[in-house]
Amino acid sequence: MPLNPQVTYWAEHAWLPGANGPAVEREVLIAVGPGGRIAGVTADSGPCPPGAVRLEGLALPGQANAHSHAFHRALRGHVQVGSGTFWTWRDTMYRFAGLLDPDSYLELATAVYAEMALAGITAVGEFHYLHHAPGGVRYEDPNAMGEALIEAAARAGIRITLLDTCYLSSGFGAEPTHAQQRFSDGDAEAWAVRAEALKPREHARIGAAIHSVRAVPAEQLGTVARWAREREAPLHVHLSEQTAENDACLAAHGVTPTRLLADHGALGPRTSAVHATHLTEEDVRLLASSGTTICMCPTTERDLADGIGPARALASAGCPISLGSDSHAVIDPWEEARALELDERLRTRTRGHWTANALLRAGGEDGHASIGWPEAGRIEAGALADFTVIALDTVRTAGPPARLGAEIAVFAASAADVRHVVVGGRQVVRDGAHLLVGDVPGALAASIGALSS
């Protein structure tokens, strides 16, 4: 992903950090220096100067999609027919997973990541377990599928953290099913050898993931956690998304999934627990005391009828919160942010659990930290020049004064209101059009249609 070495943007308005907290400032110059980092930010700069790139609307930090399964985008529509459960949804997911190879995954993921860019997402944490060919046959390059995802992010102009996922079992003590064989490396040591061959590059970093405590035997959890710890890499894990997982873990080990992870050294400030929907009070204490981040995926959690997790209790206890679109029922970071607050309102029948500023931080600074890009998620000198601009003159956003821009973005805007996106100083989206993938809807239709046919 080549960087624009030096350019200056002029934002009509921008949400900037300040001594008294973030605030919307007007007429903001954002100078990008070599390396795609912000060299300086000047508010109240006056009219757009000659040579600067004019960005009308409200500039916000680029949003981090901290939990993605790119191939799930092909399920949209199919899994909304009729009723069913998480487990019947999973059967459909396995069917689509079985159809992909490195070439078709490259095409699909490029389109999906371009859709993310159009929504204001500048970095994605890809929870990647689709490693091998159907039946578990190894590709000539054992990381061909992961390399396809890294290349797809480059083509779409966004950053990626490939969270290479250890997935070894269909349940506690059970062998992988035929559909799951392409996920498995056999054991955690073999997973670690394959994952070690993945190398970071300018737009890509490598992390690790434990699919879940049901998919990695307890005695092998430490191998994955140690791999991530030795490399100071992010470690992600699906946690307590379903009560059935909790019940099975208690039956197998006599403890909750959270306690099992804690006992094997898998919690900590570089760990993100995804979903964390069904927790005990002790689970909350363990997660908070370890500094574990919680990645909530509200649009997926409601689509799958998972339940409303204790996000407010976790945040109050000290867990950072990040956000992800997970199964891509929709790709809209603004909807994920407001759903966190609105779902809590429904659960408690009270309002005001998070401010708009706090929700933007979840999608911005804390989201980027969750996936190993701590230098992103802020519009300030020294940060990566990754930001998005939403329009303030659409049917959803027009009317309120610009000083309420954070509230407009979180509680009114949608992906359709994203006007510009800049990654590493390079403009990726201009006036709502992707500059690298010319026809994103067409690319989605072609790549998904090839699977559906």
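# Cavities, a pocket and some buried residues

Modeller: Gln63, Ala64, Asn65, Ile121, Leu323, Gly324, Ser325, Asp332, Pro333, Glu336 and Gly363 line the second largest cavity. Bear in mind that this is a predicted model.

Biologist: What makes a space a cavity, and what volume does the second largest cavity have?

Modeller: In a cavity, a 1.4 Å probe fits but cannot get out. The second largest cavity has a volume of about 70 Å³.

Biologist: What makes Ala64 a lining residue of that cavity?

Modeller: A lining residue has an atom within 4 Å of a point of the space. Ala64 is among the residues that line the second largest cavity.

Biologist: Which elements supply at least two residues of this lining, and which gives the largest share?

Modeller: Strand S5 (63-68) and helix H11 (333-348) each supply at least two. S5 has the largest share, with three residues. By class, the lining has four nonpolar, five polar and two charged residues.

Biologist: Ser325 is in that lining. Why is Ser325 called buried?

Modeller: Buried means under 20% relative accessible area. Ser325 has 2%, so it counts as buried. Ser325 sits in the loop between strand S12 (321-323) and H11.

Biologist: What makes the pair Ser325 and Asn65 a polar contact?

Modeller: The limit for a pair of N or O atoms is 3.5 Å. The two side chains make their polar contact at 2.7 Å, and that value lies within the limit. Beyond four places in sequence, Ser325 touches Asn65, His67, Thr300, Val330, Ile331 and Glu336.

Biologist: How do you know that Val124 is buried?

Modeller: Val124 has a relative accessible area of 0%, so it falls under the 20% cut-off. Val124 is found in strand S6 (residues 121-128).

Biologist: How far apart are Val124 and Ala64 in sequence and in space?

Modeller: In sequence, 60 residues separate them. In space, their C-alpha atoms are 5.8 Å apart.

Biologist: How many cavities of 30 Å³ or more does the structure hold, and what is the volume of the largest?

Modeller: There are three of 30 Å³ or more. The largest cavity holds about 170 Å³ of space. Among its 18 lining residues, Phe86, Trp89, His211, His238 and Glu241 are the closest to its centre. Helix H1 (residues 86-97) gives the largest share of that lining, five residues. The lining divides into seven nonpolar, six polar and five charged residues.

Biologist: Why is a pocket called a pocket and not a cavity?

Modeller: A pocket is an open set of points, whereas the probe cannot get out of a cavity. The largest pocket has about 420 Å³ of space. Its lining has 25 residues, with Ile206, Glu232, Ala233, Pro234 and Gly372 nearest the centre. Strand S8 (204-210), strand S10 (271-275) and helix H13 (365-370) each give two or more residues. H13 gives the most, three. The lining has 11 nonpolar, seven polar and seven charged residues.

Biologist: Which strand holds Glu27, and why does Glu27 count as buried?

Modeller: Glu27 is in strand S2 (residues 23-32). Its relative accessibility is 17%, under the 20% cut-off, so Glu27 counts as buried. Its phi is positive too, about 50 degrees, although Glu27 is not a glycine.

Biologist: Which residues of helix H4 (residues 188-196) are buried, and how do you know that they share a side?

Modeller: They are Ala188, Trp191, Ala192, Arg194 and Ala195. Those residues cover an arc of only 165 degrees around the axis, so they lie on the same side of H4. In an α-helix, residues three or four places apart point the same way. The buried residues of H4 pack against strand S7 (159-166), S8 and helix H5 (218-230).

Biologist: What caps the N-terminal end of H4?

Modeller: Asp187 does. One of its side-chain oxygens lies 3.2 Å from the backbone nitrogen of Glu189.

Technical notes:
Residues numbered from 1 in each chain as written. Predicted model: local features only at pLDDT ≥ 70, side-chain atom pairs only at ≥ 80, totals over all residues. Heavy atoms only, no water. 1 Å grid on protein atoms, 1.4 Å probe; cavity = no way out; pocket = protein on both sides within 12 Å on 5 of 7 lines; lining within 4 Å. Points joined across faces, edges and corners; volume = space filled by probe spheres on them. Helix = DSSP H or I, 4+ residues; strand = E, 2+ residues; numbered from the N terminus. Nonpolar A, V, L, I, M, F, W, Y, C, P; charged D, E, K, R; others polar. Buried < 20%, exposed > 50% of the residue type's maximum accessible area, 1.4 Å probe, protein only. Arc of directions from axis to C-beta. Contact = heavy atoms within 4.5 Å. Polar contact = N/O pair within 3.5 Å; in protein donor to acceptor, adjacent residues only side chain to side chain.
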